[in-house]
Amino acid sequence: MKHVIVFASGQGSNAAAIIDFFAGHDAVTVALIVCNNPKAGVVALARAHGIPLLLIDKATFSDAAAFARKLEGYNPALIVLAGFLWKVPETVVRAFAGKIINIHPALLPKYGGKGMYGMRVHEAVKAAGEAETGITIHWVNEHYDEGAAILQAYLPVAADDSPERIAQRIHRLEHYYLPRAIAFLLD
Ligand code: GRF
């Protein structure tokens, strides 16, 4: 079995899509969920599916080497940042070089970087009058949202689309492509 570790901070709908996609899969399993927010939806999700959960706080990142060793204990083939809002420490990024991916709800390099997450992204896309937006699945390196792209999927934006409507459709794209990108990378 190839082990996937999913990092998430919020609602966890992408984590849910990954869990559902690999439920009963013969080669890939979600071995651990890492979360920095005890109130996040993803915590209940992990419990409901009996998936080990690691709740972390800022102190966890101050001893990044110990954190990396803990992750190593789960023998991950891939670490997936699925709506994880903290910057992963460089020590961890280096320890798992070529094994960490992130999903971003826009067509990077547009609408990326610090502070660009969640609805802020879709509001910015709307405010700029973009005719299209999309998702980017990319490798994680030491610079936020700057690793090489693995996959981008495009979404047309109509003049009367609200940021909320854009967000809903972006989530649907994410839920489709993220599990399949993981399967492709691990095949
Ligand atoms: C997603 O839009 C993802 O692209 C971004 O954060 C959001 C997380 O949503 N990085 P969810 O928690 O998976 O529902």
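Me: Buried here means under 20% relative accessible area, exposed means over 50%, and partly exposed lies in between (1.4 Å probe, protein chains only). By that rule, is Ser-9 buried or exposed?

Reply: Ser-9 is buried, because its relative accessible area is 8%. Please keep in mind that this is a predicted model, in which local features need pLDDT of at least 70 and side-chain atom pairs count only at pLDDT 80 or more, while totals for chains, interfaces and linings use all residues. Residues are numbered from 1 along each chain as its sequence is written, and side-chain values use heavy atoms, with hydrogens and water left out.

Me: Where does Ser-9 lie?

Reply: Ser-9 sits in the loop that runs between strand 1 and helix 1 (13–22), where helices (H or I, at least four residues) and strands (E, at least two) are DSSP runs numbered from the N terminus.

Me: And what does the side chain of Ser-9 make a polar contact with?

Reply: The side chain of Asn-36 is a partner, at 2.8 Å, and the Ser-9 side chain also reaches the backbone nitrogen of Leu-85 at 2.9 Å. A polar contact is a pair of N or O atoms within 3.5 Å; within protein, one must be able to donate a hydrogen and the other to accept it, and residues adjacent in sequence count only if both atoms are side-chain atoms. Counting contact as heavy atoms within 4.5 Å, and leaving out residues up to four places away in sequence, Ser-9 touches Asn-36, Asn-37, Ala-40, Gly-83, Phe-84 and Leu-85.

Me: OK, switching to the strands: in which sense do strand 1 and strand 4 pair?

Reply: They pair in the parallel sense over five bridges, with Val-6 standing opposite Val-80 in strand 4; two strands are said to pair if DSSP finds at least two bridges between them. Strand 4 (residues 76–81) also pairs with strand 5, again in the parallel sense, over three bridges, and within strand 5 the bridge partner of Ile-79 is Ile-100, while that of Leu-81 is Asn-102.

Me: What unit do strand 4, helix 5 and strand 5 make?

Reply: Together they form a right-handed β-α-β unit, with helix 5 covering residues 90–95. Right-handed means that, with the strands pointing away from the viewer, the path from the first strand over the helix to the second runs clockwise.

Me: How many residues of strand 5 are buried?

Reply: Five of its five residues (100–104) are buried. Ile-100, Asn-102 and His-104 point one way, and Ile-101 and Ile-103 point the other way. In a regular strand the side chains alternate between the two faces of the sheet. Strand 5 also pairs with strand 6 (residues 132–139), in the antiparallel sense over four bridges, and there the bridge partner of His-104 is Thr-136.

Me: Which residues of helix 4 are buried?

Reply: In helix 4 (residues 64–72) they are Ala-64, Phe-67, Ala-68 and Leu-71. Seen down the axis of helix 4, these fall within an arc of 100 degrees, so they line one face of the helix; the arc is that of the directions from the helix axis to the C-beta atoms. Their cover includes strand 1 (2–8), strand 2 (28–35), strand 4 and helix 5.

Me: Last one, where is Gly-147 found?

Reply: Gly-147 is in the loop between strand 6 and strand 7 (149–156), and it counts as buried at 13% relative accessibility. Leaving aside its neighbours within four places in sequence, Gly-147 is in contact with His-138, Trp-139 and Asn-141.
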